[in-house]
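Here is a friendly briefing to read alongside the structure. Take a look at the model first, and then we can walk through some of its details together.

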Protein chains: 2
Amino acid sequence: MNRISEKLLKMISDFAGEFRGAFNIRENGECVGRRSTPNIRIEAKKDAPGLIIHISPETAKEIVYIPACVTHGAIDDLVYNDFYVEAGADVTIIAGCGVHTDSGDTARHNGIHRFFLESGAHVLYKEKHVGTGTGTGQKRIDPVTDMVLMENSILEMDTVQIGGIDSTVRKTTARLAAGARLTIHESILTKKNETAKTDFIVSMDGEDSAVDLISRSVAKGTSRQDYHSRIMGNCRCSGHSECDAILADQGIVNASPELFAGSIDAVLIHEAAIGKIAGEQVIKLRTLGLTEEEAEETIIKGFLKA
Amino acid sequence: MNRISEKLLKMISDFAGEFRGAFNIRENGECVGRRSTPNIRIEAKKDAPGLIIHISPETAKEIVYIPACVTHGAIDDLVYNDFYVEAGADVTIIAGCGVHTDSGDTARHNGIHRFFLESGAHVLYKEKHVGTGTGTGQKRIDPVTDMVLMENSILEMDTVQIGGIDSTVRKTTARLAAGARLTIHESILTKKNETAKTDFIVSMDGEDSAVDLISRSVAKGTSRQDYHSRIMGNCRCSGHSECDAILADQGIVNASPELFAGSIDAVLIHEAAIGKIAGEQVIKLRTLGLTEEEAEETIIKGFLKA
């Protein structure tokens, strides 16, 4: 593993020189480290680039790390990772991604992740995305996440774009069986002339399934973010979505949250708010000794974490 | 004017045998009554079916009635009405529409209304839509409403679909100059296998313009409603939209409210809620002596008027 990967890993996961437990590190399209554990088996796919990750029913509070790094331009990495989480397993999956270019060439990672949660499985899925490097080449991350939640399974997705990504298109779909619960927290920070496009499609197909979708955007510089979600309630179920955005400079946001009620027993709720930082908040923090910039920084950090 | 028109007029406007003040009654594509007043001049268009309505600056608290009726099948009425509301005028425009067919042929009204509000003008625009008749022919009303609001003008639109319309596509656009204020209240009731499609596009282009868009839907039977709105804040302005729906039987609703913030000084807020009537509400009204059906009827009426 090269120096840039090490740096990126520290930013996107809690890497401190090594990982405990199961992991696979992908660097510029190659595997540069892998370990399975008795409960978590990681295998290379035979028919496509990527991994098959088996999580056994005995798995309890284990963590598996599946980070990917692109450390120079002229790399267009495409990977298909499939997670099979067996009945009753309880696992945390950390799958960040960093792209770096010091040249004029594009560094791109395109990760297609599929999750199959058997009944009663519980997954906490965390991913952080970051772009670094002094090159003029585009830094792009285009993740596709497809989730199938069987009866009473729970998936919590926590996805953060820290910054430095010139362009991202993020597509997430989920299908929920009876009693399944999906929570998604998304935070995206864009600066300069970056663009971020997000699309969520969640279909609640089993009785008493539930989704909670929270998206926070901060658009600075001349960046632009486009948010679309579609929550479908096809049975007795409940859906809630919330998309809030803070604008600064000449930032632009378009938010298009869609609710489809295909059953009278679906309860669907949505809220959205877009605006700039409230002046009073800045004044309050300035009286505590912060500069205007520090105050804004603090407010934005708090907002993205909420 | 025929008997069916008289009946329809009573349902869609406060008609009691005659109108006071300015009016134009359209029946099956023909004018069957018109009166101008010193302040409100109604003229037939020369190049297309429809009217030009001039509202003079002196107009204060006057009402003008522009209802349209289609009283039998095999009528596909298309009309272009333009309202020129001069600076400072204060007027109420009542423009309901009823379609009736006792045959297997379609009765359709397609009204394209354009509003030009000069600075400081104030318009209350009310329209009620209803379909009646025992025929199997489709009853359709497809209104297009385009509004241009100059500085500090105010337009309040109150649009209600009472029932009986098999299919409707409703398109509304508005452009707001500085200080202009637009309020839209929409209530749509669909039953049986009726469909209703609503599309609002509001562009706030002048400083301190504001829009408040409230949509209430009730979908009963196997009816389906599709709601889309797009509120664009291109400057210092504020936008609020709210779309709530009650489902009964096998009713279906799709709500897609979009917010576009093209300026950091735009403040945009949206809320949506879809679900069936809460059980407690029905129980409460039943303890007051109402049957379950009466209780539901009462709740729906209150919801649509709110």
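Which hand does the crossing of α2(A) and α3(A) have? The crossing of these two helices is right-handed. Please keep in mind that this is a predicted model. The points below take the helix pairs to begin with, then an annotated stretch of chain A, and then a handful of individual residues.

**Helix packing in chain A**

- Two packed helices are described by the angle between their axes and the distance between the axes.
- In chain A, helix α2 covers residues 279-287 and helix α3 covers residues 292-305; their axes come within 9 Å and cross at roughly 120°.
- From α2(A), the residues that take part are Gln281(A), Val282(A), Leu285(A) and Arg286(A), and they meet Glu292(A), Ala295(A), Glu296(A), Thr298(A) and Ile299(A) of α3(A).
- Sorted by class, the residues of this contact between α2(A) and α3(A) are four nonpolar, two polar and three charged.

**Helix packing in chain B**

- Helix α2 (residues 279-287) and helix α3 (residues 292-305) of chain B pack with axes 9 Å apart, at an angle of about 120°.
- The crossing of α2(B) and α3(B) is right-handed.
- On the α2(B) side the contact is made by Gln281(B), Val282(B), Leu285(B) and Arg286(B), and on the α3(B) side by Glu292(B), Ala295(B), Glu296(B), Thr298(B) and Ile299(B).
- Four nonpolar, two polar and three charged residues make up the contact of α2(B) with α3(B).

**An annotated domain in chain A**

- An unreviewed UniProt entry lists residues 85-303 of chain A as "domain: SUF system FeS cluster assembly SufBD core".
- Across residues 85-303 of chain A, the chain is 61% strand and 10% helix.

- Most residues other than glycine have a negative phi.
- Ala74(A) is not a glycine, yet its phi is positive, at about 60°.
- Ala74(A) sits in the loop between β6 (68-70) and β7 (75-85) of chain A, and it counts as exposed because its relative accessibility is 61%.
- Lys192(A) is another residue that is not a glycine but has a positive phi, here of about 45°.
- The loop between β16 (181-190) and β17 (195-204) of chain A holds Lys192(A), which counts as exposed at 63% relative accessibility.

**Buried strand residues**

- Ser209(A) belongs to strand β18 (residues 209-219) of chain A, and its relative accessible area of 1% makes it buried.
- A polar atom of the Ser209(A) side chain lies 2.7 Å from the backbone oxygen of Gly206(A).
- Leaving aside neighbours within four places in sequence, Ser209(A) is in contact with residues including Leu176(A), Met204(A), Cys235(A), Arg236(A) and Cys237(A).
- Ser209(A) and Ser13(A) are 196 residues apart in sequence, and their C-alpha atoms are 30 Å apart in space.
- Arg108(B) is part of strand β10 (residues 107-117) of chain B, and it counts as buried because its relative accessibility is 17%, under the 20% cut-off.
- The side chains of Arg108(B) and Asp142(B) are joined by a polar contact of 2.8 Å.
- Not counting residues up to four places away in sequence, Arg108(B) touches Val70(B), Ile75(B), Asp76(B), Asp77(B), Val99(B), Arg140(B) and Asp142(B).
- Thr198(B) lies in strand β17 (residues 195-204) of chain B and, at 6% relative accessibility, counts as buried.
- Between the side chains of Thr198(B) and Glu186(B) there is a polar contact of 3.3 Å.
- With neighbours within four places in sequence set aside, Thr198(B) is in contact with Arg170(B), Glu186(B), Ile188(B), Asp226(B), Tyr227(B) and His228(B).

**A loop residue in chain B**

- Is Glu151(B) buried, exposed or partly exposed? At 34% relative accessibility, Glu151(B) counts as partly exposed.
- Glu151(B) is placed in the loop between β13 (144-149) and β14 (154-163) of chain B.
- Glu151(B) and Ala177(B) are 26 residues apart in sequence, while their C-alpha atoms are 5.1 Å apart in space.
- Setting aside residues up to four places away in sequence, Glu151(B) touches Ser119(B), Gly120(B), Ala177(B) and Ala178(B).

Terms used
Residues numbered from 1 in each chain as written. Chains lettered and ligands numbered in written order. Predicted model: local features only at pLDDT ≥ 70, side-chain atom pairs only at ≥ 80, totals over all residues. Heavy atoms only, no water. Axes fitted to C-alpha atoms, helices over the stretch in contact; angles between N-to-C directions. Helix = DSSP H or I, 4+ residues; strand = E, 2+ residues; numbered from the N terminus. Left-handed = near helix turned anticlockwise from the far one by under 90°. Contact = heavy atoms within 4.5 Å. Nonpolar A, V, L, I, M, F, W, Y, C, P; charged D, E, K, R; others polar. Buried < 20%, exposed > 50% of the residue type's maximum accessible area, 1.4 Å probe, protein only. Polar contact = N/O pair within 3.5 Å; in protein donor to acceptor, adjacent residues only side chain to side chain. UniProt positions renumbered as here; feature names shortened; annotations may be inferred.
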